[in-house]
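I am keeping these entries as I look things up in the model. Each one begins with what I wanted to know.

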Amino acid sequence: MNNQPYYCPSCRSNRYKFKQVITYTQPFYKDAVTGEVVERMEPELVHEPEAVIQCQVCGFEGNELRFIKQAEREPRR
């Protein structure tokens, strides 16, 4: 993640509260008859080419660059 200001391009009110969205996959096997989970493997991190950010005010998710560019277009006074 960059050390640059963010500004939500959706609600246009949040400059402070954000989350970084990290995605994992977890392989598992199910019994074909009962549907019961038989075995779970360890979760694996999905490497994204760019950080995914979520606004904690409106829930909008987008790549980090969208939030940075919005902050550049509308700088804090």
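Is Arg12 buried, partly exposed or exposed? I find Arg12 partly exposed, because its relative accessibility is 44%. The scale I use calls a residue buried under 20% relative accessible area, exposed over 50%, and partly exposed in between, with a 1.4 Å probe and protein chains only.

**Basis.** I am working on a predicted model, in which local features need pLDDT of at least 70 and side-chain atom pairs count only at pLDDT 80 or more, while totals for chains, interfaces and linings use all residues. Residues are numbered from 1 along each chain as its sequence is written, and side-chain values use heavy atoms, with hydrogens and water left out.

**Arg12.** I place Arg12 in the segment before β1. Helices (H or I, at least four residues) and strands (E, at least two) are DSSP runs, numbered from the N terminus. I noted a positive phi of about 55° at Arg12, which is not a glycine. Most residues other than glycine have a negative phi.

**Salt bridges.** How many salt bridges are there? I count two, taking a salt bridge as a side-chain nitrogen of Lys or Arg within 4 Å of a carboxyl oxygen of Asp or Glu. In one, the side chains of Arg12 and Glu74 meet at 1.8 Å, N to O. Glu74 is in the segment after α1 (64–73) and Arg12 in the segment before β1, so this pair ties together parts that are 62 residues apart in sequence. Glu74 is partly exposed, because its relative accessibility is 24%.

I also find a salt bridge between Lys69 and Glu72, with the closest N and O atoms 3.5 Å apart. These two are three residues apart in helix α1, so about one helical turn separates them. Lys69 is partly exposed at a relative accessible area of 37%, and Glu72 is partly exposed at 46%.

**Asn14.** I looked next at Asn14, which also falls in the segment before β1 (18–21). Asn14 counts as buried because its relative accessibility is 4%. What lies 2.8 Å from a polar atom of the Asn14 side chain? I find the backbone nitrogen of Tyr16 there. A polar contact is a pair of N or O atoms within 3.5 Å; within protein, one must be able to donate a hydrogen and the other to accept it, and residues adjacent in sequence count only if both atoms are side-chain atoms. Leaving aside neighbours within four places in sequence, I list Tyr6, Tyr7, Cys8, Cys55, Gln56 and Val57 in contact (heavy atoms within 4.5 Å) with Asn14.

**Cysteines.** Two of those contacts made me check for disulfides (pairs of cysteine sulfur atoms within 2.5 Å). The search of the whole structure gives zero. Cys55 is in no disulfide either; its nearest cysteine sulfur, that of Cys8, is 3.7 Å away. Cys8 is buried at 0% relative accessibility, and Cys55 is buried at 1%.

**Open sheet.** I traced three strands in the order β1-β6-β7, an open sheet with antiparallel pairing. Strands pair if DSSP finds at least two bridges between them. β1 and β7 (61–63) are at the edges with a single partner strand each, so one side of each has no neighbour in the sheet. I get an average twist of 35° from one strand to the next. Axes are lines fitted to C-alpha atoms, for helices over the stretch in contact, and angles run from 0 to 180 degrees between N-to-C directions.

Four bridges pair β1 with β6 (residues 52–55) in the antiparallel sense. Lys19 has Gln54 in β6 as its bridge partner. Helix α1 lies across β1, β6 and β7 and runs at about 90° to β7.

**Hairpin.** I ended on strand β3 (residues 28–30), which three bridges join to β4, running antiparallel. Six residues lie between β3 and β4 in this hairpin, and Gly35 in the turn has a positive phi of about 85°. Phe28 stands opposite Arg40 in β4.

Val38 is in β4 (residues 37–40) and is exposed, with a relative accessible area of 59%. Outside four places in sequence, I find Val38 in contact with Tyr29, Lys30 and Asp31. The C-alpha atoms of Val38 and Phe28 are 7.5 Å apart, with the two residues ten apart along the chain.
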